[in-house]
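Biologist: I have a complex to go through with you. Could we start with how its parts are arranged and then turn to the contacts?

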Amino acid sequence: MKISMKVNGVDYENDIEPRTLLVQYLRETLDLTGTNIGCDTSQCGACTIHVNGEAVKSCTMLAVQADGATITTIEGLANDGELHPVQKAFCENHGLQCGYCTPGMIMASVDMLKNNPNPTEEEIRHGLEGNFCRCTGYHNIVKSVKAAAVSMKGGA
Amino acid sequence: MYAAEFDYVRASSIEEAISLKAENDDSSLLAGGHSLIPAMKLRLSTPQKLIDISGLDQLKKISKNGSHISIGSLCTHKQCAESEIIQSNCPALSDAASVIGDPHVRTKGTIGGALAHSDPQADYPGATLALNATFVAKGPSGERTIEVDDYFIGLWETALGEGELLTEIRIAINSMNANSCYVKFPQPASRYPYVGCGVSLSSNNGTCSDIRVGFSGVGEWAFRDSGVESTLKGQPLNDSTIASAADKAAEGKTVLNDHFVSEEYRRAMSKVYAKRAMMQLS
């Protein structure tokens, strides 16, 4: 089946099997392997991306459902080589250990900060309920999101 | 590939979805996909044809319609959680919607999809039982309504006919539904309820004049708990009468026993959460 979508600003058109998951299409067809597959059961959030500006789990969506959509993955966050403030904050605050959950954590955090630019610690923890860090490094993840909120308010 | 092969088609109207469903014995309707796609990935569900109804915008509205609230079946959990109409007229439903899965799941999953799938561990069933909801279904022979008390009939089984599409959920506008809530004890990873309890309650001069209690996650499918209801109805609302009513929770019901939570613990927690819900409303 023919589908087309805009991913990180680039238009793509491909012929795929309808059963292809969106995350498979991104990783295997478009070679955008920054989006990870974690639990495969819609729980861990490693595969979180933005579809038409909203964070979703790309392991629980068919690529055909995203036909015509505008998609942003972790590869599309940086602007001309300049890291997104949330990416910077994760680097500066040691917001990752093994790094596997990081792309999903960052995509979820960007979406959360868009809707709530000044979240409390509790709101950050609730907002990231759909993203698991199996290193259990939540402390610095929350710290990173807080730092990102501050730097983004500063006009970054 | 995870799922078995299938043909995919987008329906451009409710009528087209119904006729596509009628033409294809082994087909499934796809809304938000957050119950169906996981089942298809595990090949627990292997439809030959997938009929995508997610483009039917007429099913995405929440409105006041005379004596009831009308919720289109394609409204997402996020929409239901944030709707001012739902929050003020039937808070049990927005309570339930706001604790389903996580923010990303709530962005995609729909109320109609969840109720048609009818997972025994879903949140809406307990809330809709408490709110005495009415479901509107359309099929090849037209439209009909199904009362919530007749809707949940088995494990993953509802009163919806094979060729029917759930189009709307109706909740009556009244003081009892406005005084409702849903509380839940979630599994920490999946967020499915071990116990989910919906209650709506009306009172007159401190006496409980009517009450409806619905449980999700406790039994093989959602049920109304007449034992709790009849114990509190007609009684003055206080800590002691509420505790006595809560003590009847799930009495005489078959209760799930799994490797996370034993039957005994689920029964105990059903009493705790029934009590919390009733305390919140009294």
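Biologist: What distance separates the centres of domain 2 of chain B and domain 3 of chain B?

Modeller: The two centres, taken over C-alpha atoms, are separated by 20 Å. Please note that this is a predicted model, in which local features need pLDDT of at least 70, side-chain atom pairs count only at pLDDT 80 or more, and totals for chains, interfaces and linings use all residues. Residues are numbered from 1 along each chain as its sequence is written, while chains are lettered from A and ligands numbered from 1 in the order in which they are written.

Biologist: Where do the domains of chain B run?

Modeller: Domain 1 covers 7–52, domain 2 covers 57–172 and domain 3 covers 179–281; such bounds come from an automatic or database domain assignment.

Biologist: How many residues of domain 2 of chain B are in contact with domain 3 of chain B?

Modeller: There are 24 in domain 2 of chain B, facing 23 in domain 3 of chain B. Contact here requires C-beta atoms, placed from the backbone, to lie within 7 Å.

Biologist: Which element supplies the largest share of that side of domain 2?

Modeller: Helix 8 of chain B does, with five residues. Helix 5 (91–98), helix 8 (124–130) and strand 8 (152–154) of chain B each supply at least two. Helices (H or I, at least four residues) and strands (E, at least two) are DSSP runs, numbered from the N terminus.

Biologist: Changing topic, how many residues of chain B are in contact with chain A?

Modeller: On the chain B side there are 24, and they meet 24 residues of chain A. Helix 6 of chain B gives the most to its side, five residues.

Biologist: And in chain A, at what angle do helix 2 and helix 3 cross?

Modeller: Helix 2 (residues 85–92) and helix 3 (residues 102–115) of chain A cross at roughly 125°, and their axes come within 9 Å. Axes are lines fitted to C-alpha atoms, for helices over the stretch in contact, and angles run from 0 to 180 degrees between N-to-C directions.

Biologist: Which residues make that contact?

Modeller: A:V86, A:Q87 and A:F90 of helix 2 of chain A meet A:T102, A:I106, A:S109, A:V110 and A:L113 of helix 3 of chain A.

Biologist: What about helix 11 and helix 12 of chain B, how far apart are their axes?

Modeller: The axes of helix 11 (residues 239–246) and helix 12 (residues 263–281) of chain B are 8 Å apart, at an angle of about 145°. Residues of helix 11 of chain B in this contact include B:I242 and B:A246, and those of helix 12 of chain B include B:K271 and B:M278.

Methods
Two residues are in contact if their C-beta atoms, placed from the backbone, lie within 7 Å.
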